[in-house]
Amino acid sequence: MSTTTAHARGHGSTDTPILHAEAITHTFGSLLVTDSVTLELAPGERHGLIGPNGAGKTTLFNIIAGEIVPDSGSVHLGGVDVTRLKPDRRARLGLARSFQHNNLFTDLTVRENLSIAGAIAHRVGHVAWRAFARHREVHASAESLAVALGLEEVLDTVVRHLSYGTQRQLEIALALALDPMILLLDEPTAGMSPEETAAMKAMIAALPASLTLLVIEHDMEVLFDLADRITVLDYGKVLLQGTPREVRDSDVVRSRYLGMQ
Amino acid sequence: MLLDPGFLIVQTLNGLQLSMLLFLLSIGLSVVFGMMNFINLAHGTLYMVGAYLALSSVRWFDSYWVALVLAPLGVALIGAVFYAVLLRHMQRQSPMRQVLVTFGLIFVGFDAVRMVWGALPHTIPIPAALDGSVTVFGEIYPTYRLFIIALGVTVLIALHFGLERTRLGAVVRAGVDDRRMVAALGIDVERAFFLVFCLGCWLAGLAGVVSAPVFSIFPGMDMSILILTLIVVVVGGPGSLKGAVVGSFVIGMVDTYGQVLAPELARVTIYALMAAVLLVRPQGLFPVSQAH
Amino acid sequence: MIGRDPLHLPVAAALVIAAGVAWYGGDFFRHEVLAEIAIYAILAMSLDLLVGYAGLVSLGHAAFFAAGAYATAACTVFFGWPVSAATVAAVGCAAALAAVAGVFVIRVSGVFFIMITLALGQMVYAYFFKASEFGKDDGMAGIPRPDLSMIGLDATDPQVFSALTLIAAFGVWALLRTVVGSPFGAMLVAIHRNESRVRALGCPVPRYKLAAFVLAGAIGGFAGSLIAQHSGFVSPDLGFWTVSGEVLIMVIIGGMGSLVGAALGAVVMVLLRHELSHRAFWEAIGLPADLASYWQFVMGLIFIAIVLLAGDGLYGRLLTTWRRLRRS
């Protein structure tokens, strides 16, 4: 898998954050959903985002991915101001995401799904005169990605015939096909059985160390094992930022969030 | 020309009259679209049938007022049959297929009126009570055209209160906002949609009757008015009374003034306006907020 | 690559052979009809790129048909250009119109897209209807056919011209087949299936939609140029929205997302239109010949039936049947 080369793109050194969301504020109507949230991720960092439902996690995600333009604040990606850029521009700058609800090409096969992502990643999507089948490099990388993520058995299965857990894996595989610098995962284990959750956890843990991760997760245990640092959101505000240990030991978090479990 | 107050008054009244016709046509189309994401291309055909039914009523009963009552009812009845026979069965189909079925109906309607009423144009006389003119701000203006404006305003007010004050109105407003939610609450959206659809047909028929004494009645009269109506819906933003009102007003005025000030541009002004609106607001001027 | 379509080559070959046989033994009338079929097949295939692949249901495709026809008329009649140059200009004009209009129309989707393209088509129609330089509602006459005397042929002979249009239709099929089989074609299909995901993967979706719109418009303009050469005159009716609707129905009858299907739909529709408006047809099936003057009524009912019953269209039916046979 070529994801390890992502780092070599040379965006920023270790002291410039690879993702920097500064004082993000956003309202829906009169509802303040994101209240001056600041988030900095160092290259290779694995950052968790937790908070109760309605804490504004997915909104923040959508702002970082570019689906929503915030009322105020800025987003920098590898030092580039992307606040006003559309999602596709951000993706081309090295930001990939998975979706909370599977967002796949359900009536195509796994191979076709990965090849579509591969065509974009290899920047051949505009080629209209040469058969897609002859772009061997695209299909080869799709296949090797499938092998790396344990999807090779189902390469030629139509997505809607796959189990939910496998679809969830493909959701992440599609994002990885872009060979991103930073990967946003929106509740990767949502709706999964314990076995599927364990498999997903292993898959995320096995991602290249150089890949920066921002993960929303409800399953606290998943996050405590995976993350280097965690941001706790509550009513759109940052309640706490720190290591998993600090979060676990925080009285505020215990009373506001963990206590509810 | 523009500085002549008489010109301004007359053209503005003409514009208002067209606006009111467009309003009668667009409101049904718009609300049905807002509720069901369904667009009825045969809406113009209903307008044409309304005019023809008025023609027959006038011939039989020798009274415009009977026609004004009977013809829209006839059109509403046709709409109800159309709903029961076709529309009800194709709500699961893609919008494209729904649109194309109504597209087929245009052909059917076109030849149907040719079969029944012949291909030659007809007119009906303006009712005696309204066949005169009045002085408006010093300008002489036909009474009948003022009647059209007054009728449009009356319908507008009635619809406004109907939407705000009645149970059906509440269901319609909620249905436009989020149909699934309303259905989940156990409210029969289907029935509300049927009623709204018939009301829309009735209004289209009404528009056909009132325009019959002013414009000639001929097979194909449905086309140009349909396109204008669609533009009203696009510009105003489908699903809202406000959108239909503002859209009708803007299009009615721009078309009227465009035709007299720059006739060589044909309706290009209207299309340019629509393009401009879409550039700034792709969902129309008054989009109904979609609940997610 | 995307989507498995094992029958398109055999069906295309069957169509080519059928066209060849029909052409070889044909009389004057049949050659006229063949040319018409070929031209509408080109128009329908170009629309299928939008509807069947990119998922952009346009009800204004006749705008490009008319633009190409009028551009050909203007270049040949006004400027005296050779037909070949006029054809190129027609394609260019239609592409330019598609590029300008496309910037606006691709901003919206779904039923809105249908309405906005409908308005676009009517705008072009209204323009030609009122434009005195193009003969207003009378249109323009005296458009020549290509000069083939260099190779000893006379394009005014319907047999020659119909062969020309059939070859053009085949060429357009081959071109569009290349496009839909390319990565670009795969992106269009992907956008159709799941636009938000494609965007999140980094694809500049509007640019792709615009490119498809322009390509379809250009080919629509090519068809328009051929229809002008075929009939020798142009009128605003070429841009009327019923033309757009009929072409859309061709695509649906034939089966969306399969270019040969669109061509098949053109065959069915053109033949149907010819037969239904013929008194002899109605007499032959024992019905009053007067029905011929109300052929639109019958056509409308057939439209409705087709849209309600066609499902995946003729080609889709064929695919399903073939798969079932293979499985058993």
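How many residues of chain A are in contact with how many residues of chain C? I counted 36 residues of chain A against 26 residues of chain C, contact meaning heavy atoms within 4.5 Å.

**Basis.** I worked on a predicted model, in which local features need pLDDT of at least 70 and side-chain atom pairs count only at pLDDT 80 or more, while totals for chains, interfaces and linings use all residues. Residues are numbered from 1 along each chain as its sequence is written, chains are lettered from A and ligands numbered from 1 in the order in which they are written, and side-chain values use heavy atoms, with hydrogens and water left out.

**Chain A with chain C.** I looked up the buried area (accessible area, 1.4 Å probe, that two parts lose on being put together, summed over both). Chain A and chain C bury about 2,600 Å², with 63% of it on carbon and sulfur atoms. I then searched for salt bridges (a side-chain nitrogen of Lys or Arg within 4 Å of a carboxyl oxygen of Asp or Glu). The rule finds three across this interface; D107(A) and R193(C) form a salt bridge at 3.1 Å, N to O. On the chain A side, α2 (87–92), α3 (110–121) and α5 (164–176) each supply at least two residues; helices are DSSP runs of H or I with at least four residues, strands are E runs of at least two, and both are numbered from the N terminus. The most comes from α3(A), with seven residues.

I noted 14 helices and two strands in chain C. The C-alpha atoms of chain C fill a box of roughly 50 × 45 × 40 Å along the principal axes. Of the 328 residues of chain C, 59% are buried, that is, under 20% relative accessible area (1.4 Å probe, protein chains only).

**Chain C with chain B.** Here 38 residues of chain C meet 42 residues of chain B. The two chains bury about 3,900 Å², 82% of it on carbon and sulfur atoms. I found that F112(C), M115(C) and W241(C) supply 16% of the area that chain C buries against chain B, more than any other three residues. My search for salt bridges between chain C and chain B gave zero. On the chain C side, α5 (111–130), α10 (241–254) and α13 (295–309) give two or more residues each, and α5(C) gives the most, with eleven.

Key
Buried < 20%, exposed > 50% of the residue type's maximum accessible area, 1.4 Å probe, protein only.
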